[in-house]
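Student: I've got a protein model open and I'm a bit lost. Can you walk me through how to read it?

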Amino acid sequence: MILIGTTLGIGLFSEYNIAYKRGKPGSFKIALVYPSTYAASISNLFTHIAYYYLTQHDDIVVDRFTLDNPTKGAITGIPLKDFDVALISIGYELDLLYYIRILIKNFISPRKRDKRPILIAGGPPIIANPEPALDLFDGVFIGEGEALLEQLIRNIDVIDKPRQFTDNLELYHKDYPHPSIKKYFIRNLDNAFIPIHQIQSEKYEPIYGRGYIIEISRGCKWLCGFCMESHVFHPFRVRSLNIIERSMKLGIEANRVNRIIFYSLSFFDHPHSDKILKKLVEENIQFSLPSIRYNTLNKNRVDLIREGGQKTITIAPETLSERIGCELGKCIMKDHLNNLCSYILNSGLNLKLYFILGLPGDSPETDKLIAEFVKQLIEHSEIQRPNQIRLSINPLIPKPHTPTQYIPLIRKDAYLRRIKHLKKLRSIRVRLEYLDWRWAFAQAIISLGGRKTGELIIRWATEGTGLGALRKAIKELNYSTDYVFKPKEIDDPLPWDHVKLGTENIVRARGRKLLDLYLDQSETN
Ligand code: SF4
């Protein structure tokens, strides 16, 4: 593979480290479609994995499409319609809507099934519940991206026979012949492809800043009750230290950066996490870590993170009710958490805390614990500037294949009332952000939806991408959203029951307890 753009960026986004190939007439062309902004696309590790894995093959032309370049490839300028296959990454539910918008801009009907490109989707929401997406694609892949890429390469010879090609790929589709489908995953993370070169743009900065992105582990052993990613990427796997160290060394050189961006669901569960960070600090290489599970953090680790140049530590306690936290798989010891948070603030770092409203068993009473906690924290810490404490509040969006799949979405008025109280914390110079309930509702419609939801998504995208367009589509189709607000029995059939992720027993057992908690609380009210 010859990479160009090493001195000057090329293409629509002035990129370097690029494999430029327009191919010959008849070359096999694969489009990578990321239905979000360009900056989000280059912040996504799978964009880099897919791009460099596929471009290793001389006879394949690969280009990328995003909402910022929906009709022309970022490098080749080739229209999307001229590609043989389009791989669409769905990172969260609403990406399905933006994907349809991209199709509309390209005059491709989501319902066409006889023309190219062959449309194939993957990503966590698709793996967890493929039903709403089935009518929007030729096939969806229930598994990790690398497994799909391998299958694709193995079957390139039959691309001129689209039916055989899609059959060989082991995709899930409307005519899938078996009653259930198992997830494909990489057993040993050391065997997964690592993109040493990564797409760098001179014009656009990735969401988490410039750096070399690496995944040191996949999955998460804690399987918290609301966390879809940990269930979708189950089981927990780690990459070997020598492979991580070698990749970081090569990645820093190849990308001309001095920063490592770690992508892992729970970073400090890697057995060599401290060693990796200490070495980076010694070598004066900066790094950034994702949100950290509270009980894996300690003062030494806070020091390491600060020395690595990170400005904010993000912790997601989700609730401060001990009972609810423990049932969710996130037991919290408030005094310990308070000490740790205080230490973070006294170190001059920003602290970002995530909380969820509408968890089974919670109420305005449990919100008071959040307010008290923050006030105490301010009292016991040396706050150095306004907004050093940041709160992010979200409603619980029940996700398929998680123990909270049985719990309904909190009602809008209850959520807004609770937010109104929490907003008072802004008067003590705490930054508080919260998700608009209506977007949570939109996500829940898709995440918990069935086959008919695909039609709603198409109608919605045809009308626009706003909430008014959603309302109109719901009305026109007479689409019932009752399922979003109904608690489910453990034995109720669910649209995603046929997808087997290997966590079904855990989900049922934990789900039963959470459902009891929810029902107890509802009776009390
Ligand atoms: S610790 Fe974090 S990543 Fe792991 S399961 Fe819980 S919420 Fe998900």
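Predicted model: local features only at pLDDT ≥ 70, side-chain atom pairs only at ≥ 80, totals over all residues.

Tutor: Residues are numbered from 1 along each chain as its sequence is written, and side-chain values use heavy atoms, with hydrogens and water left out.

Student: Which residues is I260 in contact with, leaving aside its neighbours within four places in sequence?

Tutor: Contact means heavy atoms within 4.5 Å. By that rule, and skipping those sequence neighbours, I260 meets Y212, I214, M248, I252, L280, I285, Q286, F287 and S288.

Student: What does "buried" mean, and how much of the protein chain is buried?

Tutor: Buried is under 20% relative accessible area, exposed is over 50%, and partly exposed is in between (1.4 Å probe, protein chains only). Of the 525 residues in the protein chain, 59% are buried.

Student: Is K352 buried or exposed?

Tutor: K352 is buried, because its relative accessible area is 19%. You'll find K352 in strand β15, residues 350–357. Beyond its neighbours within four places in sequence, K352 is in contact with T312, I313, T314, I315, R390, S392 and E433.

Student: I do! And why does E382 count as exposed?

Tutor: E382 counts as exposed because its relative accessibility is 53%. E382 sits in the loop between α13 (364–380) and β16 (389–395). Not counting residues up to four places away in sequence, E382 touches L345, N346 and Q388. E382 and N346 are 36 residues apart along the chain, yet their C-alpha atoms are separated by 5.4 Å.

Student: What about K412, how does that one count?

Tutor: K412 is partly exposed, because its relative accessibility is 37%. K412 belongs to helix α14, residues 412–422, and touches W437 and R438 if you ignore residues up to four places away in sequence.

Student: How are helices and strands picked out, and how many does the protein chain have?

Tutor: Helices (H or I, at least four residues) and strands (E, at least two) are DSSP runs, numbered from the N terminus. The protein chain has 18 helices and 18 strands. In an α-helix there are 3.6 residues a turn, so residues three or four places apart point the same way. Now look at α5, residues 145–154, where 8 of the 10 residues are buried. Those buried ones are G145, E146, A147, L148, L149, Q151, L152 and I153.

Student: Last one: which residues surround the ligand?

Tutor: A residue is near a molecule if one of its heavy atoms lies within 4 Å of it. Around the ligand you'll see C220, W222, L223, C224, F226, C227, S230, L265, R293 and K330. That shell has 7 nonpolar, 1 polar and 2 charged residues. For those classes, Ala, Val, Leu, Ile, Met, Phe, Trp, Tyr, Cys and Pro count as nonpolar, Asp, Glu, Lys and Arg as charged, and the others, Gly among them, as polar.
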